[in-house]
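Let's take a walk through the charged pairs in this protein. Have the model open and follow along.

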Amino acid sequence: MNMAVIFKLSLCCLLNTLISCQGMGYIWEDRYPFIKKASSFSSPSTSLNGGDEAYDYIIVGGGTAGCPLAATLSQNYSVLLLERGGVPFANVNVSFLRNFHISLADLSSTSASQFFKSTDGVLNSRARVLGGGTCINAGFYTRASTSDINKVGWDAKLVNESYPWIEKQIVHQPKLAPWQVAVRDGLLEAGVSPFNGFTFDHLYGTKVGGTIFDKYGRRHTAAELLASANPANLNVLIHATVQNIMFDTTGKKPKAVGVVFKDENGNQHQALLLKRRGSEIILSCGAIGSPQMLLLSGIGPKADLKKLNISVVLDNKFVGKGMSDNPMNTIFVPTDEAVEQSLIQTVGITKKGVYIEASSGFGQSTDSIHCDHGLMSAEIGQLSTIPPKQRTKEAIRDYSKSKRDLPHEVFKGGFILEKIASPLSKGHLNLVNTNADDNPDVTFNYFSHPRDLKRCVDGIRLVKKLVSSKHFNYTCDKNNFEKLLNMSVKANVNLIPRHTNDTKSIEQFCKDTVITIWHYHGGCHVGKVVSRDYQVLGVRRLRVIDSSTFTDSPGTNPQATVMMLGRYMGVKILRHRLGRAAGL
């Protein structure tokens with residue numbers, strides 16, 4: 001046998017062994033026997049009232065909230081979880097920290113992330129994989145503040161029981177990378193104190209948070225929480241794209257009875273609820289998907305629905321309104337030598353309404369240079385400076401091609417990230433058609449409120465103090481912050497037209513280089529679209545449980561609280577139906 005072939009076979013065996021040892025790869029079916037392709041589903045032949053093949057709960061969206069919710073409800077009831085994407089377990093771009101940016105740059109139809117562009121012109125992504133945003137994010141894990149919990153009105157005792165349920169299964173303490181140590185010490189020197197050490201809690205000052213990456217750099221997602229489910233009661237279908245919710249409109253209020261979904265082959269199926277009290281459909285499709293699904297199902301502004309010939313089930317002008325995204329701006333700091341890869345580990349929580357975070361080492365590999373718009377790749381911020389109508393997929397591809405001959409050294413360094421907490425600028429979401437596969441139009445209106453812009457200016461000034469500190473030893477030209485701003489606009493290579501040359505104006509810098517950190521939320525707000533128990537107002541047997549119900553993104557990074565909400569509401573629902581018999 002050819003030696004090259006022997007080497008390749010040996011390498012494949014080694015990789016398979018490593019993957020299997022880490023609980024992913026080719027043996028995931030053994031751990032999750034209830035996960036099947038959507039085409040395996042047999043639609044019930046019974047009436048819309050449900051039959052033997054119907055379910056107590058149908059959860060639409062197997063994401064950050066949907067997975068812990070399904071695992072919890074399955075302890076006592078039958079659950080069907082429908083996820084439009086595939087599984088994360090054998091996807092090396094999802095599973096390993098070193099490949100974080102590659103998933104985001106993958107524009108294919110099978111990618112774990114689905115690219116979308118807000119009408120503001122900012123490039124963005126939404127998850128399309130079992131485990132949702134936990135499969136494509138930067139992994140940082142931190143809880144909501146006490147004031148956030150009180151403001152929402154959650155049961156603090158149950159909240160403090162639900163977070164540890166997540167943490168014991170998939171959360172780790174990070175080993176601080178050198179870049180993160182420098183940022184930590186620089187933040188403290190800049191006055192973001194005290195140092196609160198390693199903690200999940202949201203505390204003013206500088207801290208080290210948790211991560212869903214283990215010491216080997218392997219990601220642990222919300223999908224792994226399904227291992228806590230009762231396998232006898234849970235069915236998970238992947239590549240199941242829900243088209244709409246079905247309603248019985250013969251009563252005083254419309255009643256959800258089932259869903260229509262499309263499998264990976266394009267065939268349609270119906271999944272029905274059992275005809276018994278307490279059975280529900282629960283939307284956990286995220287801040288883009290849940291308002292979109294309500295609109296596709298006939299719940300939303302009557303005039304908008306009629307324009308697309310969607311039958312109106314309930315006229316609610318608030319569906320899709322109040323959309324918000326936490327604007328982020330970054331400072332790229334080039335270095336003479338390669339730096340160790342790191343995602344967010346350290347955070348500065350200020351009283352000025354801004355958070356400071358950091359990443360490093362994601363701009364210097366061949367893959368990074370060829371990426372389209374990964375968060376940590378060196379072209380960050382550039383495409384947001386192109387006039388909105390020119391921000392097309394073709395423009396992104398052209399830019400990617402133009403970088404291929406650039407030397408790796410151009411991209412060495414890391415990023416300081418500045419994020420606005422609780423933005424006051426609000427936007428909206430609207431359908432463009434009735435195709436559930438397509439993105440709706442989303443507008444966030446970044447910096448339309450002057451207070452958001454002022455916070456950004458304060459944040460950039462804080463970043464200047466950080467990079468100028470004696471502890472942050474990655475830049476030799478500490479006195480020329482304007483040069484760093486220019487680098488961030490140009491991203492080292494001036495291949496993209498810029499909106500302005502005026503980097504002396506921090507306000508203009510904020511506007512020109514705004515990007516996302518994927519913490520968008522809203523569209524199904526409590527009191528306007530859903531009740532405090534997340535039941536959709538005006539209809540029966542339908543809830544929304546995800547970040548679309550949030551007025552503010554909780555904590556510095558929301559994934560911990562979104563997962564907590566799935567567990568929290570699962571327990572609340574079971575306790576309401578079963579009392580002490582729920583055993584939770």
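Start with Asp-437 and Lys-262, whose side chains come together in a salt bridge, with N and O 2.7 Å apart. Keep in mind that you're looking at a predicted model. How accessible is each partner? Asp-437 is partly exposed, at 29% relative accessible area, and Lys-262 is also partly exposed, at 21%. Lys-262 doesn't count as buried because that label needs a value under 20%.

Now go over to Asp-56 and Arg-276. Their side chains form a salt bridge too, at 2.7 Å from N to O. Asp-56 is in the loop between strand E1 (35–37) and strand E2 (57–60), and Arg-276 is in the loop between strand E13 (268–272) and strand E14 (280–283), so this pair ties together parts that lie 220 residues apart in sequence. Is Asp-56 buried or exposed? With a relative accessible area of 2%, Asp-56 is buried. Arg-276, on the other hand, is partly exposed at 42%.

Next, look at Arg-184 and Asp-185. These two form a salt bridge as well, and their closest N and O atoms are 2.9 Å apart.

Finally, find Lys-157, Glu-161 and Arg-575, where salt bridges join the three residues into a network. And how many salt bridges does the structure hold? The count comes to 11, and the pairs of Asp-437 with Lys-262 and Asp-56 with Arg-276 are among them.

Conventions. Residues are numbered from 1 along each chain as its sequence is written. This is a predicted model: local features need pLDDT of at least 70, side-chain atom pairs count only at pLDDT 80 or more; totals for chains, interfaces and linings use all residues. Side-chain values use heavy atoms; hydrogens and water are left out. A salt bridge is a side-chain nitrogen of Lys or Arg within 4 Å of a carboxyl oxygen of Asp or Glu. Helices (H or I, at least four residues) and strands (E, at least two) are DSSP runs, numbered from the N terminus. Buried means under 20% relative accessible area, exposed over 50%, partly exposed in between (1.4 Å probe, protein chains only).
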